[in-house]
Amino acid sequence: MGDSQYSFSLTTFSPSGKLVQIEHALTAVGSGQTSLGIKASNGVVIATEKKLPSILVDEASVQKIQILTPNIGVVYSGMGPDSRVLVRKSRKQAEQYHRLYKEPIPVTQLVRETAAVMQEFTQSGGVRPFGVSLLVAGYDDKGPQLYQVDPSGSYFSWKASAMGKNVSNAKTFLEKRYTDDMELDDAVHTAILTLKEGFEGQISGKNIEIGIISADKKFRVLTPSEIEDYLQEVE
Amino acid sequence: MSIFEYNGSALVAMVGKNCFAIASDRRLGVQLQTIATDFQRIYNIHPKLFIGLSGLASDAQTLYQRLVFRHKLYELREERNMKPETFASLVSAIQYEKRFGPYFCQPVIAGLGDDDKPFICTMDAIGAKELAKDFVVAGTASESLYGACEAMFKPDMEAEELFETISQALLSSVDRDCLSGWGGHVYVVTPMEVTEKILKGRMD
């Protein structure tokens, strides 16, 4: 990638052994809107704030939570356009796997390949790292899974995690609230409460997005009215 | 003479009750001359998955090596064995990659899938899969094999009876084909164990 004048990598080591570009990418993630995910015993939920720059924006047209395969969904914190590139590449990789093996791609494999793409962009000529961290939620033969993928290309499996602006408060809240035998509905309530902690303004079905996958292995994004129902249950 | 008849081969796989059997002849020839009488056509990919490759022997060996390579990497990455259905899709894809310069092989795949359910299939040289519930055949003796299997096959045979049936079908068919024979090699696979037997037939 890049023309001959930029065939060297722009991400280079500092004397302290850090890749400064990746640190800056993580800062970009840290200033993005909060998103979080919780793995329940029978499913996974991912959620994010959907703060739009103006009331004139048509919020129904904005969708931050994306589906990668029928049983895997993803949410990001950081730069939206960067996440779109990754979603596109991941979808293609999932389809290629399916074309070869006629089997749905296991969540771990898709996460690994997406992370490999992100790592490539820290070691190629003329490109910069992605300014997003992804939370990948899926349900396959190994059960419900939640992975976080960082701009460096490292990935971790989480029981519950948060990213973005309010990350430390959100993680503390999740640490207190998380139980191993939580069911999906409880997890959705916990997710909403966690988002509420750092939310500026009035939370509603229109300014947050929630995606769930349960044992039926079908990922779906909740409609604003379904979110309103959960919000009322939480009140 | 067709390239598929250069070396000569006979392959058959049959489904039984929670088990399967896969059998091949043992002759390797160069047209009319017999070179080897102990040639291996059936390979073991993992304990519950076998593939037999008929047709041109050098392509069969190369294709086998490629498949083992792919399976080993899959096992390392996914930390599990490939299901037979998945493996069949992989073989089909690899063959179709060479659509305009194919491997001159007809594979026969047999394995135990989820819940140890027996799975067999065959495909042509460019990867057209043919799933069957009862038996599949391949090789120069395939026409005789079709007849013999159709006549002798019964559904839900136990391992012992399945072994007898597949052995009789193989031996009687290769006797009608000058390019295959010189004994038989039979694997009977149940969820518990794999049995390998060598048959002595008409050694010509």
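What volume does the largest pocket have? About 370 Å³. Before I go on, please keep in mind that this is a predicted model.

Let me stay with that pocket. Of the 17 residues lining the largest pocket, those closest to its centre are V15(B), K117(B), P118(B), F119(B) and K133(B). Two strands of chain B, β8 (118-123) and β9 (129-132), each supply at least two lining residues. The biggest contributor is β8(B), with three residues. Sorted by class, the lining has eight nonpolar, three polar and six charged residues.

Next, the second largest pocket. Its volume is about 280 Å³. Residues from chain A and chain B line this pocket, among them Q96(A), R99(A), Y96(B) and K129(B). α2 (80-101) of chain A and α2 of chain B are the elements that each give two or more residues to this lining. The largest share, five residues, comes from α2(B). By class, the lining of the second largest pocket has four nonpolar, four polar and four charged residues.

Now the contact between the chains. The size of an interface is often given as the accessible area lost when the parts come together. Here chain B and chain A bury about 990 Å² between them, with 41% of it on carbon and sulfur atoms. Chain B brings 11 residues to the contact and chain A brings 10 residues.

Two salt bridges are found across this interface. In one, the side chains of K83(B) and E103(A) meet at 3.3 Å, N to O. On the side of chain B that touches chain A, the elements giving two or more residues are α1 (57-78) and α2 (84-97). That side has four nonpolar, two polar and five charged residues.

Methods. Residues are numbered from 1 along each chain as its sequence is written. Chains are lettered from A and ligands numbered from 1 in the order in which they are written. This is a predicted model: local features need pLDDT of at least 70, side-chain atom pairs count only at pLDDT 80 or more; totals for chains, interfaces and linings use all residues. Side-chain values use heavy atoms; hydrogens and water are left out. Contact means heavy atoms within 4.5 Å. Buried area is the accessible area (1.4 Å probe) that two parts lose on being put together, summed over both. A salt bridge is a side-chain nitrogen of Lys or Arg within 4 Å of a carboxyl oxygen of Asp or Glu. Helices (H or I, at least four residues) and strands (E, at least two) are DSSP runs, numbered from the N terminus. Ala, Val, Leu, Ile, Met, Phe, Trp, Tyr, Cys and Pro count as nonpolar, Asp, Glu, Lys and Arg as charged, and the others, Gly among them, as polar. On a 1 Å grid over the protein atoms alone, a cavity is a set of points where a 1.4 Å probe fits but cannot get out, and a pocket is an open set with protein on both sides within 12 Å along at least five of seven lines; lining residues have an atom within 4 Å of a point. Grid points are joined across faces, edges and corners, and a volume is the space filled by probe spheres set on the points.
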